[in-house]
Amino acid sequence: MELAALLGDFTVRTVALGAALVGVVSGVLGSFAVLRQQSLLGDALSHAALPGVCLGFLVAGSRQLAPILAGALISGALAALLVLVLTRTTRIKTDAALGVSLSLFFAVGTVLLTYLQRHQGAAQAGLDAFLFGQAAALVPSDLRVIGTVGGVSLALVALAWKELKVTTFDADFARSLGRPVLALEFGLTVLIAVAVVIGLQLVGVILMVALVIAPAAAARQWVKRLEGMVLLAGVFGAVSGVTGALLSAAVRGLATGPVIVLVASGIVLISLLLAPGRGVLWQLVQATSQRRNLRGHRVLVDLYRLAQDHRDPAYPTEQGMLDAYFGRRSAHVLRRLERRGLVERVRHMPEEGTHWVLTDVGQEQARTLLQPFGERAEGPATRREAPAVRPESEAARREGRA
Amino acid sequence: MSAAVAALQGWLDQPGVTIVLIGALVGIAASLLGAFLVLRRESMLSDAISHSILLGIVMVYLLTGTLDSPLHVVGASLAGLGTVWLTDLLVRSRRVKHDAAIGLVFPALFAAAVLLINVYARDVHLDTDAVLLGEIAFAWLDVVRVFELDVARSLATMLAITLVNLAFVLLLFKELKLATFDPGLATALGLRPVLVGYGLLGLVSVTAVGAFDAVGAILFVAFVIVPPTAAYLLTDRLERMLAYGCLIAIGSSLGGYALARAFDVSIGGAMASATGVFLLLALLLGRHGLVARAWRRRAPEAPPHVGMPAASAPQLDAKTPTSSDGGRA
C-alpha cells in the first residue's frame with residue numbers, strides 16, 4: 001500500500017494517532033523510570049496488568065477500553081505494592097521481589113484468561129490481543145480514552161516538574177527541602193503504570209516494557225539535561241509507535257507490538273553508536289582525530305627544538321632525523337602539517353633526502369604548545385640546557401604504547 | 001514385562017499423574033537453579049532468558065523445519081547466553097544501567113522471534129499462545145518409549161534436565177556456593193566464578209526450553225524465582241533452601257493441578273499461582289516471616305538464632321555479590 005493511501009485510511013490514521021500518543025506518554029514517563037533505575041518495574045507492571053485486563057473485562061462484560069485500563073492500572077499498582085512490601089518488610093531483594101510479583105500476577109492473569117475463554121466466551125472478544133497488541137482493534141473511542149488519560153498524566157508531570165526532578169536526582173535533598181518524597185515516588189510509579197497501561201492494546205503486556213525503556217535510554221545518549229531527555233524520549237516514542245503501527249498495517253500478519261519494539265530498539269542502537277559525545281562510534285572518531293592532532297604537535301615541537309638547538313629558526317631538519325625523534329615514520333604527519341602551512345620543504349643537500357623548516361605560523365604554534373610546560377617562549381636564540389624529561393615525550397611514549 | 005513395570009505403566013497412563021510429574025520436575029529443575037539466581041541477585045535474568053530463548057527456538061525451526069530437534073536445546077542455550085552476554089556488553093559500555101540493559105535486550109530478541117513466527121511460521125504449531133501458556137494439558141498425548149515404559153515426551157525431557165541440573169548443583173556445590181557468596185575469594189582460589197555463572201545461566205536456558213513446552217515461557221519464571229524466594233524466608237542454610245524449594249515446587253504442582261481441574265483453567269498458570277500461596281505462607285510463618293518478626297520485636301531478650309551451628313556454613317544473609325545488581329539494592 002502507498003504511504004499516502006495508507007495515511008488516508010481512517011483506521012490507519014486512528015492507529016497512527018493512538019501510537020503517537022502512547023509513544024509520547026511512555027517516552028516521557030519512561031525517562032523517569034530509567035533515571036531512577038526502575039526500568040524493570042516497568043516490566044513487572046506490564047506483565048502484572050494481565051489479571052487486571054481480565055477482571056476489567058469480567059466486570060464490564062464486554063471489551064471496553066476504560067474498565068479494562070482501570071483494571072490493569074489497579075493490578076499494576078498492586079504488583080508495585082507487593083514489590084514494595086517484599087523489599088521493605090523482608091530480606092527479599094529488589095530483583096527477586098520484581099520477579100515474584102511479575103510471575104505471580106502473570107500466572108493469575110493466565111488463569112483468569114483461560115477461565116474467561118472457556119466460560120465467558122472471551123475468545124471471540126479478542127482478549128488475546130492484549131498479549132502482543134493489536135493496533136487494528138483500536139477504535140476512535142479508545143483513542144479518546146488514551147488521549148484523556150495520557151494528557152492528564154503529561155499535565156501532572158508538567159505541574160510537578162520541579163519536584164519530580166529533584167526527587168529523581170537527589171531524594172535526600174528533596175526530603176531536606178520538605179518535599180513529600182514518598183508521595184512523589186508513589187505518584188511517579190502510578191504514572192509509569194498509566195503509561196504502561198494505555199499502551200497495552202497497541203503493544204501488549206509482554207513487550208510494553210520496551211516502549212517504556214527504549215525511547216528514554218536512546219534519548220539519554222543525545223542530551224544531558226532532563227528537559228531535553230524527556231522531550232526527545234517523547235519524540236522517539238512517538239516515532240517508534242507511528243512507524244511500527246504503519247508498518248504492521250501495511251504488511252499483513254505482523255503483530256503491532258513487536259514491530260514497534262524493534263523500531264524502538266533500532267533507535268537505541270543508532271543512539272548508542274552515533275550520539276555526539278556518548279556514542280561509541282562518535283567517541284572512536286574523536287579519539288582517532290585527537291591521536292592525529294597529537295602526532296602533528298609532536299613533530300612540530302621536535303622541529304622547533306631542533307631549530308632551537310641549532311640556534312637557527314630556519315634550520316632545515318632532515319626527514320630521517322625527524323623519523324628518529326618521532327619514533328616512527330613521520331612523512332604523512334609532515335605532509336599534513338605542510339597542508340596546514342606550518343612547515344615547508346626546503347632544498348638543502350638534495351642527496352640527503354627531504355629537509356623541513358618551520359614556517360612563521362609553525363613556530364608560533366610550537367611556542368604556544370610549549371608554553372604550558374614553562375619552557376622559554378622566546379625565539380630559538382640561545383642553546384637551552386638539556387632537560388631531563390620532556391613532558392610531551394612522556395605523552396609520546398604513552399601514546400606509542402596505547 | 002514384569003508386574004512392577006506394568007503397575008508403573010498403568011500409573012503413568014493416567015494423564016493426571018503425568019501432568020503433575022511434569023509440573024513437579026519443571027519446578028524442581030527450575031528452583032534448584034533459581035536458588036542461586038535469587039542469592040546472586042540475578043533473578044530477572046531468568047525472565048530475560050525465558051523470553052529470548054524463543055528466538056533460538058524459532059531460528060532452529062527455520063533452519064531445520066522441525067520442533068523436535070535436539071538442536072533446539074543448543075539454539076535456545078545460545079540465545080539465552082547471548083542475552084546475558086549482550087546485557088553485560090551494554091552494562092560494560094557504561095551507556096545504560098544494568099536494569100535498563102536487561103529491559104532493552106530481551107524485548108528486542110523476543111519481538112524479533114514473534115515477528116519471525118508471524119512471517120515465516122504462521123501455520124505451524126509454534127503459535128504465540130503456546131509460548132505463553134504452555135500445553136501441559138496435552139503433554140501425555142505425545143509419548144516416547146523409554147526402556148520398557150511408554151512415557152510422555154515432556155516427562156522424559158524434564159526428567160533428563162532435572163537430573164542434569166541436580167548433578168550440576170551437587171558436583172559443583174562448593175564452586176557455586178563460593179561464587180555466589182564471595183566471588184572475590186572464588187577468583188583467588190581459581191574457581192572461575194564467571195564461568196560458573198555462565199554455566200548456571202546456560203542450564204537455566206536449557207531448562208527453559210524443556211519447560212517451554214509444558215508451562216510456557218513466562219510461567220517458567222515463576223518456578224525459577226518464587227519457590228527459592230519462599231525457601232529463602234524459611235531457612236539460613238543453602239542446603240535447606242534448595243530442599244525446601246524443591247518441596248514447594250512439588251506441592252505447587254499438586255495443588256495447582258487440583259485447582260486447575262476444579263475451575264477448568266490453565267494448568268500451568270494454576271501451578272505457577274500455587275507457588276504464590278507457598279510464598280504467602282512463608283512470608284507469614286517463616287523464620288524470617290512477618291509473624292516471626294513481630295514475635296521477636298515483642299520479646300527482644302530471646303536470642304533469635306538458638307541452635308545454629310557456630311559459623312559452620314555461610315549464612316544466607318551474608319553479603320551477596322553486588323557487581324550484578326547494578327546498585328539497585
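Between which helices of chain B does the loop that holds B:Arg41 lie? B:Arg41 is in the loop between H2 and H3 of chain B, where helices (H or I, at least four residues) and strands (E, at least two) are DSSP runs numbered from the N terminus. The model is predicted, so local features need pLDDT of at least 70 and side-chain atom pairs count only at pLDDT 80 or more, while totals for chains, interfaces and linings use all residues. Residues are numbered from 1 along each chain as its sequence is written, chains are lettered from A in the order in which they are written, and side-chain values use heavy atoms, with hydrogens and water left out.

**Backbone at two arginines**

- Phi of B:Arg41 is near 60°, a positive value in a residue other than glycine.
- B:Arg41 is buried, with a relative accessible area of 12%; buried means under 20%, exposed over 50% and partly exposed in between (1.4 Å probe, protein chains only).
- A:Arg311, which is not a glycine either, has a positive phi of about 45°.
- A:Arg311 is placed in the loop between helix H15 (280-309) and strand E1 (317-318) of chain A.

**Interface of chains A and B**

- In chain B, 65 residues are in contact with 56 residues of chain A, contact meaning heavy atoms within 4.5 Å.
- About 5000 Å² is buried between the two chains, and carbon and sulfur atoms give 69% of that area; buried area is the accessible area (1.4 Å probe) that two parts lose on being put together, summed over both.
- There is one salt bridge between chain B and chain A, a salt bridge being a side-chain nitrogen of Lys or Arg within 4 Å of a carboxyl oxygen of Asp or Glu.
- The side chains of B:Asp236 and A:Arg91 meet in a salt bridge, at 3.2 Å from N to O.
- Helices H2 (15-39), H3 (43-64) and H5 (98-120) of chain B are among the elements that give two or more residues to the side touching chain A.
- H5(B) gives the most to that side, with 15 residues.
- A:Arg91 also has its charged end over the ring of B:Tyr232, 4.2 Å from the ring centre; a charge sits over a ring if NZ of Lys or CZ of Arg is within 6 Å of the ring centre and within 35 degrees of the ring normal.

**Aromatic pair**

- Over all chains, the count is one aromatic pair; rings of Phe, Tyr and Trp (its six-membered ring) pair if their centres lie within 6.5 Å, with planes under 30 degrees apart counted as stacked, over 60 as edge-to-face and the rest as tilted.
- The ring centres of A:Phe32 and A:Trp161 are 6.2 Å apart and the planes stand at 75°, so this pair is edge-to-face.
- A:Phe32 lies in helix H2 (residues 10-35) and A:Trp161 in helix H9 (residues 161-169) of chain A, so the pair ties together parts 129 residues apart in sequence.
- A:Phe32 is buried, at 0% relative accessible area, whereas A:Trp161 is partly exposed, at 21%.

- Chain B has 14 helices and two strands, and buried residues make up 57% of its 329 residues.
- Of the contacts in chain B with a separation of 6 or more, 73% come from residues 24 or more positions apart.
- In helix H8 (residues 173-181) of chain B, eight of nine residues are buried, including B:Phe173, B:Leu176 and B:Phe181.
- The cover over the buried residues of H8(B) includes H2, H7 (153-171) and H12 (238-263) of chain B.
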